[in-house]
Amino acid sequence: MKPTGAVEVINLQKIYGAGDEAVHALESCSCEIPAGQFVALVGPSGCGKSTLLNMMAGFDRPTQGEIRLDGEILVSPSIQTRPNSDRVVVFQNGALFPWKTVIENIAYGPTVQRKLKPLEALDQAHAILKNVGGMERIANSFPGQISSGMQRRVEILRALINQPKILLLDEPFRAMDTVSKSGMHQHLLDIHQRFQTSVFLITHDLGEAILLADTVFVMTTRPGTIKLKIDVELPRPRNKEMTLTEEFTTLQKQAIAAVHEEARKAFERGEKELA
Amino acid sequence: MFVGISLSVALWYGLVNWTPFLAFNRLPDPISVMMEWISRDPDYGLSIFTTDYYLHIAYSTYRATVAFALALALGVPLGIMMGWKATFHAYAGALLDFLRPIPPLAWVPIAILILPGDEPAVIFVTFLVAFFATTLNTLLGVRSIDPDLIRASECLGATARDILRDIVIPGALPSIFTGLQIAMGAAWFSLVAGEMIAAQYGLGFMILESYNLVQYPTIVIMMATLGIVGYASSALIRYVGKKMIRWREQSLGGLSGDMPS
């Protein structure tokens, strides 16, 4: 079977408001996520990263351009495909349903899609929680009773159980401490290795992006445009020890230099504009 | 709690019997009220051994219950619709914002004119305050739901009906119960006032009646009874709320023992 989950972002523009108050969130933004690949998008806060992700999810539509999933138009100025379980978002601040237990949260997708009977969905949720998460003992806890790291892992499982074509991760590790973060990185690498699902990760941490992704796109601010594409040729399977290898540090240095160069150029352009 | 009650009873006794202020001398002291309350042959006709006493309680409880049930049945769905559908809010919100500041008692004459008899009129004014409190708190509850939860359920394939059942209602539930607590308090408040104006039975009616007949201990007995019945109704709602929102208590862990209510 041909791998699915290829996303193309073509010449995307998003303007909020109109007239003098118009905000150009995205402008001529193009990038692609090949099927089964892990792609990271790095950029400063407020540069339009989440705007792009929201459109992929189907929460919003562009003012120009389009996004395609496996060749089919997902969103364009005139089309907005409803959010669906083929592209599941994991949110920045976590969005587990606080009134449902861990296992009910995971079983939610298959249950509301009427793919499985409620009991079968629970069985499947138990299986994925045990086999992928290794967290069967928290099955009947409420989200408020478990750590934020575990919440995030449960949320990823809640997405994976639907066998999505692409996972959309909106800065999911932002509020985490270094230790839990590094645990989450490993977890995500293992999951990607195992399921070969396309992943689109938004982050502002360049090191994290290089460790996890096959391709890193760098976005600059106002209006958000892809300024740089970095191919990460670290072998898979990867692990966090790789961050200590010379290959990784060289790549990271190059990437940082390139991002700084972009930032410097942008800064100079800004000065010219002001003058 | 016990210490607090004892101290206030002592203060009451002291004020009535030992202060030089004439104003307090007219009041019955706690001992004479208590004696009247538990007397088998009460001086003014009402004690825990008389059927009339329970008749008044039953009338008031019945009115409060009907009014509260109506407020619950109409206010919760209306609040949810208003919080969920912007167009619905645009219509109903304006009307509600205009009607809400009108004090419930201002409705009494109109209610008596429109409704058949005094009984529905008293229930109506009681219902009205409970209804506003329930509707507005339900609306706030729906508004307070994190939009990401709704987006997350859409991603997982939920339909509008699923979202209403699985996200909107459970998410608004804590706020709905806060609203019901307020509604219950407000209902008793306006019930007593309504009974004073237009009723032949009930605790509120009896308070005013006892005043007119110079039966001061009965006033206090009725007031204390109102306190007990009101507290019991509040405790009942709190209990049901705790049962229905189990996730919240468990998520907060040990801190929830003194959940504000």
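Predicted model: local features only at pLDDT ≥ 70, side-chain atom pairs only at ≥ 80, totals over all residues.
**View 1. Helix α7 of chain B along its length.** Helix α7 of chain B covers residues 118–143, and its 26 residues reach 38 Å from the first C-alpha to the last, close to the 38 Å expected at 1.5 Å a residue.

**View 2. The packing of α4(B) with α7(B).** Two packed helices are described by the angle between their axes and the distance between the axes. Here the axes of helix α4 (residues 51–84) of chain B and of α7(B) come within 7 Å and cross at roughly 30°. Angles under 35 degrees count as roughly parallel, and α4(B) and α7(B) are therefore roughly parallel to each other. The crossing in which α4(B) passes α7(B) is right-handed, and the residues of the contact between α4(B) and α7(B) divide into 21 nonpolar, seven polar and two charged.

**View 3. Chain B as the setting of these helices.** The secondary structure of chain B comes to 12 helices and zero strands. Along its principal axes, the C-alpha trace of chain B spans about 70 × 50 × 35 Å, and buried residues make up 37% of the 261 residues in this chain. Among the contacts in chain B with a separation of 6 or more, 66% are accounted for by residues 24 or more positions apart.

**View 4. The side of chain A that touches chain B.** In this view, 21 residues of chain A are in contact with 17 residues of chain B. On the chain A side, β6 (87–90) and α2 (102–112) each supply at least two residues, and the largest share, three residues, comes from α2(A). The residues of the side of chain A that touches chain B divide into 13 nonpolar, eight polar and no charged.

**View 5. Helix α1 of chain A and the residue that follows.** Helix α1 of chain A, residues 49–57, has eight of its nine residues buried, so this helix is largely enclosed by the rest of the structure. The buried residues of α1(A) are A:K49, A:S50, A:T51, A:L52, A:L53, A:M55, A:M56 and A:A57. Just after α1(A), A:G58 takes a positive phi of about 100°.

Notes:
Residues numbered from 1 in each chain as written. Chains lettered and ligands numbered in written order. Helix = DSSP H or I, 4+ residues; strand = E, 2+ residues; numbered from the N terminus. Expected span 1.5 Å × (residues − 1). Contact = placed C-beta atoms within 7 Å. Nonpolar A, V, L, I, M, F, W, Y, C, P; charged D, E, K, R; others polar. Axes fitted to C-alpha atoms, helices over the stretch in contact; angles between N-to-C directions. Parallel < 35°, antiparallel > 145°, perpendicular 65-115°, else oblique. Left-handed = near helix turned anticlockwise from the far one by under 90°. Buried ≥ 20, exposed ≤ 12 C-beta atoms within 10 Å, placed from the backbone.
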